[in-house]
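Let's walk through this model together, going from the whole chain down to single residues.

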Amino acid sequence: MIGSLEGEASFPPSQVVIDKLEKLDNLVEEIMLQAERGCRKLFAAHYEFSPEVQNWMDRCHLLKWLLRAHQGKRTNRGNLRRLARKLGMTECLRYTVPELVKLYAATKERAVELMAASPYL
């Protein structure tokens with residue numbers, strides 16, 4: 001498209017060149033809008049951020065992470081221990097899989113209750 005414009009370019013530009021430049025401009029604008037739509041993901045905040053809700057969500061994350069580690073999947077043990085220490089849950093590092101599943105279910109239930117009770121933003 002640009003190569004054909006170079007051959008027809010003159011000053012002042014003809015109507016054909018103006019039309020082609022307008023098409024090119026519209027194409028570039030459309031591509032930019034598409035890129036913005038793809039890159040800017042807006043997440044709806046369905047619950048108020050509070051330290052209590054964050055703490056329970058972090059607990060859920062830790063327990064899910066421990067379950068992944070028990071499955072033999074790749075996990076960073078140092079980060080796992082650090083998060084457990086931060087949350088005061090270092091004893092759960094020694095739990096068996098059935099104990100972790102029960103604890104995860106209870107923790108997730110509590111987190112969902114807190115999120116449902118918190119006001120919307």
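Two residues are in contact here when they have heavy atoms within 4.5 Å of each other. With that in hand, take Thr-107: leaving out residues up to four places away in sequence, it touches Trp-56, Arg-59, Cys-60 and Leu-63. Thr-107 sits in helix 5. Is it buried or exposed? Its relative accessibility is 4%, and buried means under 20%, so Thr-107 counts as buried. We will return to its helix once the overall layout is clear.

First, a word on what you are looking at. This is a predicted model, and the protein chain averages a pLDDT of 84, with 83% of the residues scoring at least 70.

The protein chain has five helices and zero strands, and reading along the sequence gives the pattern α-α-α-α-α. Of its 121 residues, 20% count as buried. As for how the chain meets itself, take the contacts between residues at least 6 apart in sequence: 57% of these join residues at least 24 apart.

Now find helix 3 (51–70).

The axes of helix 3 and helix 4 come within 10 Å and cross at roughly 145°, and the crossing is left-handed. On the helix 3 side, the contact is made by Asn-55, Asp-58, Arg-59, His-61, Leu-62, Trp-65, Leu-66 and Ala-69. Helix 4 contributes Arg-77, Asn-79, Leu-80, Leu-83, Ala-84, Lys-86 and Leu-87.

Asp-58, in helix 3, is buried, with a relative accessible area of 15%. Apart from residues up to four places away in sequence, Asp-58 touches Leu-83, Lys-86 and Leu-87. Leu-83 lies in helix 4 and, at 14% relative accessibility, counts as buried. With the same exclusion of sequence neighbours, Leu-83 touches Asp-58, His-61, Leu-62 and Trp-65. The C-alpha atoms of Leu-83 and Arg-59 are separated by 8.8 Å, although these two residues are 24 apart along the chain.

Ala-84 is also in helix 4, and it is buried, with a relative accessible area of 0%. Setting aside its neighbours within four places in sequence, Ala-84 is in contact with Leu-62, Met-89, Thr-90 and Leu-93. Its C-alpha atom and that of Asp-58, 26 residues away along the chain, are separated by 9.4 Å.

Back to helix 5, where we began. Its 21 residues (97–117) should span 30 Å at 1.5 Å a residue, and its end C-alpha atoms are 30 Å apart, which agrees. The buried residues of helix 5 are Leu-100, Tyr-104, Thr-107, Ala-111 and Leu-114. Why do these residues lie on the same side of helix 5? They cover an arc of only 95° around the axis, which puts them there. What covers these buried residues includes helix 3. Turn to the face pointing away from the buried side and you will find the exposed residues Pro-98, Lys-102, Glu-109, Ala-116 and Ala-117.

One last stop is the segment after helix 5, where you will find Ser-118. Ser-118 is buried, with a relative accessible area of 11%. The C-alpha atoms of Ser-118 and Phe-49, 69 residues apart along the chain, are separated by 8.5 Å.

Key:
Residues are numbered from 1 along each chain as its sequence is written. This is a predicted model: local features need pLDDT of at least 70, side-chain atom pairs count only at pLDDT 80 or more; totals for chains, interfaces and linings use all residues. Side-chain values use heavy atoms; hydrogens and water are left out. Helices (H or I, at least four residues) and strands (E, at least two) are DSSP runs, numbered from the N terminus. The expected span of a helix is 1.5 Å times one less than its number of residues. Buried means under 20% relative accessible area, exposed over 50%, partly exposed in between (1.4 Å probe, protein chains only). The arc is that of the directions from the helix axis to the C-beta atoms. pLDDT is the predictor's confidence in each residue, from 0 to 100. Axes are lines fitted to C-alpha atoms, for helices over the stretch in contact, and angles run from 0 to 180 degrees between N-to-C directions. A crossing is left-handed if the near helix is turned anticlockwise from the far one by less than a right angle, and right-handed if clockwise.
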